[in-house]
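Trainee: I have a new model open and would like to learn how to read its features. Could you walk me through it?

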Amino acid sequence: MVEKIVITGCGTISPLGLTTKDSWDNLIQGKSGVQEITRFNTANYRSKIGAQLPEKNIFSDYDKTVRIDRIAQYALAAADEVIQDSGLSESNDFSNTGVILGSGLGGIFFAESQLINLYQKGPFSVHPLTVPNVNPNAISTIIAKRWQCFGPNMTISTACASSAHAIGQGLDLIRMNRAERVIVGGAESPLMPMTYAGFNSLRVMSKKNDTPEMASRPFDKKRDGFVMGEGAAILILEKESMARKRNATIYAELAGYGASNGGFHAVAPIESGDDAALAIKGALKDAKLNPHDIDYINAHGTSTVANDVAETNAIKHALNGHSGSVHISSTKSQTGHLVGAAGALEAVFTSLSISKKVEPATMNLSVSDEKCDLDYIPNQPRERCIKAAL
């Protein structure tokens, strides 16, 4: 019999809070992390809003003490919390522990600062640690160094799916006995002028600048784009026997994983949702579950016109007649879109939904798009015992 792989720790740095508890509490209370961007001047941008971290935080553009930039600071802080939350400590042996993280953009925040130095001051002004800091693998490396993790170490970069892929990879590594536990998750720090300008030119971000807290409105008829967010979310995966042996808190079982792609377009989804449906079906098969076993889905739910329709179609395709009974929500309505860290943050929230028996709401959902006709838990969380979630 294949042993269960369980989640025994959650660490979170998000626009809703600098800990998992604060992020979860504010999520369930319906609070929004979206605000006017203050980190740089948005005067010439169409969109002027983002989901920044709470203003009272310890993070800087570059920490000279440990010589790491924002994204690595986020990852390290979330990892600190996850180690404590899981009941692990400095005394534990991490030698057979893997670290698999996801990031869509890596250290691009630091890269931009060094490009400015290069063009304004010349080549000798560029920081000597530019290459290791810009490398996306910096975020997994810093965690491995901190706890002396000698297992597999990598950062996966697959845009918005990055940290979801990292979690799936961690699951596979434990199943194959390549690591006894894996620290998984993701981090992103995209709120800087160049990246923001790129998405601004792509015309995929919301322009509801006068009401930032209502700008991210997944599945709503008046949605006009996503809201960019920042932060990190990290989880501990391990075999159930190990968790039981040390009396660890178990949030949920990670039962299955599926992955697919549409081979269609760099940024646009297939409206039919056929590609995403393949991933859902793969996860169900891996978990040995049927569509009717699923109670709740934490959706990608970006609040873009294209995604929300494609995702609705994917759910209908994958779950067949059960799609009308499943409860669905997009927590991006409150956190914004953390790009490569999105999957991990939503995995934390989904684990807590199972553990605490509460389904988060999709906020700002006033009138559903006619093509988005499922149950998206509008504006009010629901208490519910969840057997299985996607």
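Mentor: Happy to! Let's begin with a term: helices are DSSP runs of H or I with at least four residues, and they are numbered from the N terminus. Keep in mind that this is a predicted model. With that term in hand, Tyr119 has its place in helix H3.

Trainee: Is Tyr119 buried or exposed, and why?

Mentor: The general idea is a cut-off on relative accessible area: under 20% is buried and over 50% is exposed. Tyr119 has a relative accessible area of 67%, so it is exposed.

Trainee: Which residues form a nonpolar patch on the surface?

Mentor: Nonpolar side chains are joined into a patch when they lie within 5 Å. Here Leu115, Leu118, Tyr119 and Met194 form one, and together they have about 410 Å² of accessible area. Helix H3, residues 108-121, supplies the largest share of this patch, three residues.

Trainee: What about Thr195: buried or exposed?

Mentor: Thr195 is part of helix H7, which spans residues 193-202. Its relative accessible area is 7%, so Thr195 is buried. Leaving aside residues up to four places away in sequence, Thr195 touches Leu105, Ile108, Glu112, Pro190 and Met228.

Trainee: Now the sheet. What is the order of its strands?

Mentor: To read a sheet, follow which strand pairs with which; pairing needs at least two bridges. The six strands of this open sheet come in the order E7-E6-E8-E9-E1-E10, and the pairing is mixed. Strand E7 (153-156) and strand E10 (252-253) are the edge strands, each pairing on one side only.

Trainee: How many bridges pair strand E8 with strand E9, and in which sense?

Mentor: Strand E8 (residues 181-188) and strand E9 (residues 231-239) are antiparallel, with eight bridges. Along this pair, Glu188 is opposite Gly231 in E9, and Ile183 has Ile236 in E9 as its bridge partner. Strands E1 and E9 also run antiparallel and are joined by eight bridges; there, Ile5 stands opposite Lys239 in E9.

Trainee: Why is E9 described as largely enclosed by the rest of the structure?

Mentor: Count its buried residues: they are eight of the nine in E9, so the strand is largely enclosed.

Trainee: Where does helix H2 lie?

Mentor: Helix H2 (residues 70-85) lies across strand E1 (5-13), strand E6 (97-102), E8 and E9, and runs at about 135° to E1. Helix H5 (residues 138-147) also packs on the sheet, where it touches E6, E7, E8 and E9. The direction of H5 makes about 155° with that of E6.

Conventions
Residues are numbered from 1 along each chain as its sequence is written. This is a predicted model: local features need pLDDT of at least 70, side-chain atom pairs count only at pLDDT 80 or more; totals for chains, interfaces and linings use all residues. Side-chain values use heavy atoms; hydrogens and water are left out. Patches are made of residues with over 30% relative accessible area and no salt bridge: like charges are joined within 9 Å, nonpolar side chains (Val, Leu, Ile, Met, Phe, Trp, Tyr) within 5 Å. Accessible areas come from the Shrake-Rupley method with a 1.4 Å probe; for residues, only the protein chains shown count as cover. A salt bridge is a side-chain nitrogen of Lys or Arg within 4 Å of a carboxyl oxygen of Asp or Glu. Helices (H or I, at least four residues) and strands (E, at least two) are DSSP runs, numbered from the N terminus. Buried means under 20% relative accessible area, exposed over 50%, partly exposed in between (1.4 Å probe, protein chains only). Contact means heavy atoms within 4.5 Å. Axes are lines fitted to C-alpha atoms, for helices over the stretch in contact, and angles run from 0 to 180 degrees between N-to-C directions.
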